[in-house]
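Let's take a friendly walk through one protein chain. Have a look at it first, and then we'll start with its rings.

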Amino acid sequence: MKKTTYLMILMTVFVVLFASGCGGAAAPAAQPPAESAPTQAPAQQPAPTQAPAEPAAPAADVQTFAPACQAAASCTAPAVTDTDAADRYCVDKIPYQNILIDEGVTFQVLEPDKLTCADNGTMTDGKHVIECHGTENWASKVKFMNSACGGAGLQVGTGQCQEGLGYDAAQNCCAPFPAADAGSTTITVNMGECPN
C-alpha cells in the first residue's frame with residue numbers, strides 16, 4: 001500500500017508541475033479596489049478656441065461615362081442591285097420582282113404609291129425573299145439598310161456618354177452615331193410589262 005500511496009503522491013506532483021509548465025498559470029489575484037476619494041464634480045476646462053473653419057472647397061465635378069462599345073458587326077451596305085425589267089413575273093397581269101436579302105437587312109419603299117414590297121416568308125440560298133409588285137413599266141426606289149450599323153437603339157441626352165456619342169442601354173456602353181446613309185443601299189426596282 002505504501003507503494004500505491006507513494007505513486008499517487010508522485011503522480012499528483014507530476015501533474016501539477018506539468019500544468020504549471022504548460023502555461024496553465026493561474027490568473028493573478030484581483031486587486032482590491034482603490035479607495036475612492038470623495039466624489040467631486042470635474043472642473044470644467046475652458047473649451048479650446050478654434051479658428052473658424054473655412055468652408056471646404058466643393059469637390060470638382062468628376063463626370064464618369066459608360067465605356068465605349070466593342071466594335072460592332074461589320075457595317076457594310078447590303079449587297080443588292082437594281083432589278084432587270086425582263087426578270088419580272090406576272091400574276092393576274094400584275095408584275096412582280098423578287099429581291100434576295102441577308103438576315104438583318106431591313107428595307108423601305110421610297111415610293112409606296114407605285115410599289116409594294118414585303119418579306120414573303122420564304123428563303124432561297126439562305127436569303128430572305130422580298131416580293132415587290134407595282135405599276136407596269138415603272139421604276140421605283142427601295143432603300144435597304146444593314147441593321148448591324150446601329151444607331152436606331154442609341155439614346156441621346158442620358159449623361160452616360162460624351163457629346164457626339166449615343167448610349168446603348170442593352171450593352172451599357174457608348175457608340176458613335178453612324179452617318180445618315182452608313183450601311184444602306186438604294187436600288188431601282190424596274191417593273192416590266194405583263195403580256196396581254
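Rings of Phe, Tyr and Trp (its six-membered ring) count as a pair if their centres lie within 6.5 Å; planes under 30 degrees apart are called stacked, over 60 edge-to-face, and the rest tilted. With that rule, this structure has two aromatic pairs. Before we go on: this is a predicted model, where local features need pLDDT of at least 70 and side-chain atom pairs count only at pLDDT 80 or more, while totals for chains, interfaces and linings use all residues. Residues are numbered from 1 along each chain as its sequence is written, and side-chain values use heavy atoms, leaving out hydrogens and water.

Here are the two pairs side by side.

| Pair | Centre to centre | Angle between planes | Type |
|---|---|---|---|
| Y89 and Y96 | 5.5 Å | 15 degrees | stacked |
| F107 and F144 | 6.2 Å | 40 degrees | tilted |

The F107–F144 pair ties together distant parts of the chain: F107 belongs to strand β3 and F144 to strand β6 (residues 139-146), 37 residues apart. How covered up are these rings? We call a residue buried under 20% relative accessible area, exposed over 50%, and partly exposed in between (1.4 Å probe, protein chains only). F144 is buried, because its relative accessibility is 0%, whereas F107 is partly exposed at 27%. In the other pair, Y96 is buried at 15% and Y89 is partly exposed at 29%.

Strands here are DSSP runs of E with at least two residues, helices are runs of H or I with at least four, and both are numbered from the N terminus. K127 is partly exposed at 25%, and so is D102 at 36%.

Finally, zoom out. Of its 196 residues, 21% are buried.
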